[in-house]
Amino acid sequence: MDTQGNEKQQFYLIDEDGNQEGLVVSPEYFHNFGGWSTDESKIVYSSNRRHSGCFDIFTLDLATREEKAVFEYDGNCNPICWVANSDNEVIISIQKTNIDNALYILNIDTGEKSKIGPADVSARYKSVVLSKQERASFVLSDFENDTLAIYKYKIDQPEILEKLVDEPKWDIEEISLAPNEEALVYSVNVGGTSVLKMYTIADKTISELKNVPEGVINSISWLDKNRFVFGLKSPVMPGDIFIYSIDKAEAVRATYLGVSKEIEHFWTKPEICTFKSHDGLEVPYFYYTNEEKPKATVVYVHGGPESQIKQDFNPVIQYLVSEGFAVVAPNVRGSMGYGRTYLQLDDRRKRMDSVADLASLVEDLVTNKGIERNNIGIMGRSYGGFMVLAAITHYPELWAAGVNIVGISHFKSFLENTGPWRRRLRECEYGYLGEDDDFFEEIAPMNHLSKIQAPLLVFHGRNDTRVPVSEAEQLTKEMLEMKKDVELFIFEDEGHQTDKLENHITLNTKVVEFFNKHLLVTC
């Protein structure tokens, strides 16, 4: 648990009777859990106790409560899991850039580490799956592709990766090994929707699994050699669990937690669309509407920026649509899910190309969706908040209202004030202090506030350790001095995310009231 959204996780042990014991508690520091040893006698985790920007690896013996620092690293380092059937080997991830990481097999007795995959090649590595029958593992990587593919390697020869499966256009997002270790089930991110496939290890065949409900799938876990479970969300399903039987080729819904007969008739599936941006790049977006003639349009920009709007349940979007708005959710350049090339199209001094995507989107919506040009709002969270601020300052004539949630108002002040472990990684994406200061000043919304024409609503969490609350405070202070229409709302008990139900209700209610007030109602 953390404290009021500050993301500084502490570990607690709860027994069968519900009694709680503090296990690893140093409230001023971060802790990242890496799992239980094979014999369940130890846990492994990382923490930045030695220095705020350095995450070291620790183990804790559950019987003796002895804590031991087993590896020091001056940067962002986190344990992934223990090597199967080993009491002294742990797989760790060292973050190299905003997207790239390196995996190592760490011997916690000696401190020696062996890199997984080729040396000196920047790549993403994720979804580590270990074999219990042999000293081998499966992993996703894009070290030789534009997208994430499945590889196998031997624990004793981790530098040699054998490619098993790739999808040239799409990322593979998750893999899960059957208990008899004869097959892998994996999910493919096809434009924001999951497709499940199975790879049979012995004969190296691939088959797409039929009768899988549409949506976004995660947490694939096997029950036996024929059945596995997964979580699924879709625009009309907030989230439930399904059991898939391979021999029957069917998915049976196991839970109905996401059912709400009172409101589910409001939920809407999006139309999947694309538009050509200012330089000819094809950019995808989701278009939500319940109305033949929506009263106004809201562009919803995701954060990250290395993230992706998918076909899952978004309560904010669904609420806006139920209130008569059309909602457009683009995956502008720099978004995940479309390959490394697309992902890096907004890095450093290419930043404003992604903001220009939003301007091109407006032109496409006016031409192809018939929306009214003076009737468009924009909202976003975190990096999406920066996109809102950049849009209303660099393209002020396009927007009738804006909502910025925990957004960045100036990259220079953000990088100076964010956690040092994050600064190093975010600089790879946004630019480097000292090297790119001129560009930060050129694009900073803080330096273009006089251009803003649209009213602005700003939310932030007091305990935000990612984007400091000062980003919102400096923005609104200057806008008020300029007599601009701006309102700041700070949640005293939240961090970067909005976790508490009452705060969700407050935020979303204020957003809809704001757009109702400031966007022209034409219906």
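**Sheet, helices and salt bridges**

Q: How many bridges join strand S24 to strand S26?
A: Four. S24 covers residues 282-288 and S26 covers residues 325-330, and the two run antiparallel. This is a predicted model, by the way.

Q: Which residue is the bridge partner of Tyr 287 in S26?
A: Val 328.

Q: What is the strand order in the open sheet?
A: There are eight strands, ordered S23-S24-S26-S25-S27-S28-S29-S30. The pairing is mixed.

Q: Which strands stand at the edges?
A: S23 (271-276) and S30 (486-491). Each has a single partner strand, so one side of each has no neighbour in the sheet.

Q: What is the average twist?
A: From one strand to the next, the twist averages 20°.

Q: Which strands does helix H3 touch?
A: H3 (residues 351-368) packs on the sheet and touches S23, S24, S25 (296-301), S26 and S27 (376-381). The direction of H3 makes about 110° with that of S23.

Q: And helix H4, which strands does it lie across?
A: H4 (residues 383-394) lies across S25, S27, S28 (401-405) and S29 (456-461). Relative to S27, H4 runs at about 145°.

Q: Ser 382: where is it found?
A: In the loop between S27 and H4. Ser 382 has a positive phi of about 65°, although it is not a glycine.

Q: Is Ser 382 buried or exposed?
A: Ser 382 counts as buried because its relative accessibility is 15%, and the cut-off for buried is under 20%.

Q: Asp 120 next. What is its phi?
A: Positive, about 60°, and Asp 120 is not a glycine either. Asp 120 lies in the loop between S10 (113-115) and S11 (125-130). With a relative accessible area of 79%, Asp 120 is exposed.

Q: Which residues does the cis peptide bond join?
A: Gly 304 and Pro 305, with omega about 0°. Pro 305 sits in the loop between S25 and helix H1 (315-322). As background, most peptide bonds are trans.

Q: Switching to helix H6. How many of its residues are buried?
A: Eight of eleven, so H6 (residues 420-430) is mostly covered.

Q: What comes just after H6?
A: Gly 431, with a positive phi of about 125°.

Q: S8 came up there. How many of its residues are buried?
A: Six of seven.

Q: How does S8 pair with S7?
A: Antiparallel, over five bridges, with S7 at residues 77-82. Trp 82 has Val 90 as its bridge partner in S8. The two strands form a hairpin with six residues between them. In that turn, Asn 85 has a positive phi of about 60°.

Q: And how many bridges does S8 have with S9?
A: Seven, again antiparallel, with S9 at residues 101-107. Val 90 stands opposite Leu 106 in S9. A hairpin of five residues joins S8 to S9.

Q: How many salt bridges does a search of the whole structure find?
A: It finds 35.

Q: What does Asp 171 pair with?
A: Arg 124, with the closest N and O atoms 3.4 Å apart. Asp 171 is in S15 (residues 171-177), Arg 124 is in the loop between S10 and S11, and they are 47 residues apart. Asp 171 counts as buried at 4% relative accessibility. Arg 124 counts as buried at 7%.

Q: Which residues are linked in a network with that pair?
A: Asp 100, Arg 124, Asp 142, Asp 171 and Arg 340 are linked in a network of salt bridges.

Q: What about Glu 173, what does it pair with?
A: Lys 310, with the closest N and O atoms 2.9 Å apart. Glu 173 is in S15, Lys 310 is in the loop between S25 and H1, and 137 residues separate them.

Q: Asp 436 and Arg 349: how do their side chains meet?
A: In a salt bridge, 3.0 Å from N to O. Asp 436 lies in the loop between H6 and H7, and Arg 349 in the loop between H2 (340-343) and H3, so the pair ties together parts 87 residues apart in sequence.

Q: Buried or exposed, those two?
A: Asp 436 counts as buried at 2% relative accessibility. Arg 349 counts as partly exposed at 41%.

Q: Last one. Which residues make the nonpolar surface patch?
A: Met 1, Tyr 12 and Val 25, about 270 Å². Val 25 is in the loop between S2 (20-24) and S3 (31-36). Val 25 is partly exposed, at 41% relative accessible area.

How values were computed. Residues are numbered from 1 along each chain as its sequence is written. This is a predicted model: local features need pLDDT of at least 70, side-chain atom pairs count only at pLDDT 80 or more; totals for chains, interfaces and linings use all residues. Side-chain values use heavy atoms; hydrogens and water are left out. Two strands pair if DSSP finds at least two bridges between them. Axes are lines fitted to C-alpha atoms, for helices over the stretch in contact, and angles run from 0 to 180 degrees between N-to-C directions. Contact means heavy atoms within 4.5 Å. Patches are made of residues with over 30% relative accessible area and no salt bridge: like charges are joined within 9 Å, nonpolar side chains (Val, Leu, Ile, Met, Phe, Trp, Tyr) within 5 Å. Accessible areas come from the Shrake-Rupley method with a 1.4 Å probe; for residues, only the protein chains shown count as cover. A salt bridge is a side-chain nitrogen of Lys or Arg within 4 Å of a carboxyl oxygen of Asp or Glu. Buried means under 20% relative accessible area, exposed over 50%, partly exposed in between (1.4 Å probe, protein chains only).
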